[in-house]
Amino acid sequence: MRLPNKINSFNESVICKFSIFLTILERRDMTVMEFYYAVNHFNEDISRILEILDDSYSNANKVNQVDDVGHFLEILDCLYALGQIEYNSETRLLHYAGGN
């Protein structure tokens with residue numbers, strides 16, 4: 001698990017991605033696969049917007065990237081352990097539980 005330390009910056013850590021994940025999942029419940037695609041499309045859209053605004057934001061893409069499925073699952077694990085998301089095994093949907 002990537003936590004901020006001397007080697008990994010905050011932007012490279014799982015904690016940095018929590019707000020992105022929760023913002024997307026707040027809107028509606030999703031399957032894990034839908035959620036994975038939603039996170040990646042969200043990151044692509046933000047990167048495009050920042051590039052249009054100013055070239056100095058070229059490193060912003062690195063902040064929002066979820067490197068691979070393993071990294072994605074690490075973030076889901078953390079959010080689940082913190083009680084921010086729930087998984088309904090009957091419907092197979094992820095649910096934002098932070099407001100409850």
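## A walk through a predicted helix-and-strand chain

Ser13 sits in the segment before helix 1. With a relative accessibility of 0%, Ser13 counts as buried, because buried means under 20%. Setting aside residues up to four places away in sequence, Ser13 touches Arg2, Leu3 and Pro4.

Lys17 also lies in the segment before helix 1. Is Lys17 buried or exposed? At 2% relative accessibility, Lys17 counts as buried. The C-alpha atom of Lys17 is 9.3 Å from that of Phe72, a residue 55 positions away along the chain.

### The chain as a whole

The chain contains four helices and two strands. Read from the N terminus, the order of these elements is α-α-α-α-β-β. The chain has 100 residues, and buried ones make up 29% of them. Its exposed surface comes to about 6,600 Å², with carbon and sulfur atoms supplying 53% of that area. Among contacts with a separation of 6 or more, 52% are between residues 24 or more positions apart.

### Helix 1 against helix 4

Two packed helices are described by the angle between their axes and the distance between the axes. Helix 1 covers residues 18–27, and it packs with helix 4 at an angle of about 75°, the axes being 11 Å apart. Helix 1 is therefore roughly perpendicular to helix 4, since angles of 65 to 115 degrees count as such.

Which residues meet in this contact? Helix 1 brings Phe18, Phe21 and Leu22, while helix 4 brings Phe72, Ile75, Leu76, Cys78 and Leu79. By type, the residues of the contact of helix 1 with helix 4 divide into eight nonpolar, no polar and no charged.

### Aromatic rings

A pair of aromatic rings is described by the distance of the centres and the angle of the planes. There are five aromatic pairs in the structure. One of them joins Phe35 and Phe72 in a tilted arrangement. Phe35 belongs to helix 2 (residues 32–53) and Phe72 to helix 4 (residues 69–81), so this pair ties together parts 37 residues apart in sequence. Tyr36 and Tyr37 form another pair, which is edge-to-face because the planes of their rings stand at 65°, and over 60 counts as edge-to-face. The table sets out the geometry of these two pairs.

| Pair | Centre to centre | Angle between planes | Arrangement |
|---|---|---|---|
| Phe35 and Phe72 | 5.8 Å | 50° | tilted |
| Tyr36 and Tyr37 | 6.0 Å | 65° | edge-to-face |

Phe21, Phe35, Tyr36, Tyr37 and Phe72 form one aromatic cluster.

Beyond its neighbours within four places in sequence, Phe35 is in contact with Phe21, Ile24, Leu25, Met30, Phe72, Leu76 and Leu94. Phe21 also takes part in the contact of helix 1 with helix 4, as do Phe72 and Leu76. The C-alpha atoms of Phe35 and Leu94 are separated by 8.2 Å, though the two residues are 59 positions apart along the chain.

### The strands and the loop between them

Glu86 has its place in strand 1, which spans residues 85–88. Glu86 is partly exposed, with a relative accessible area of 41%. Leaving out residues up to four places away in sequence, Glu86 touches Tyr80, Leu93, Leu94, His95 and Ala97. Asp29 is 57 residues from Glu86 along the chain, and 9.8 Å separates their C-alpha atoms.

Where is Arg92 placed? Arg92 is in the loop between strand 1 and strand 2, the latter being residues 93–96. Most residues other than glycine have a negative phi. Arg92 has a positive phi of about 60° although it is not a glycine. Arg92 is also exposed, with a relative accessible area of 57%.

Notes. Residues numbered from 1 in each chain as written. Predicted model: local features only at pLDDT ≥ 70, side-chain atom pairs only at ≥ 80, totals over all residues. Heavy atoms only, no water. Buried < 20%, exposed > 50% of the residue type's maximum accessible area, 1.4 Å probe, protein only. Contact = heavy atoms within 4.5 Å. Phe/Tyr/Trp six-rings, centres within 6.5 Å; stacked < 30°, edge-to-face > 60°. Areas by Shrake-Rupley, 256 points an atom, 1.4 Å probe, with all protein chains shown as cover. Axes fitted to C-alpha atoms, helices over the stretch in contact; angles between N-to-C directions. Parallel < 35°, antiparallel > 145°, perpendicular 65-115°, else oblique. Nonpolar A, V, L, I, M, F, W, Y, C, P; charged D, E, K, R; others polar.
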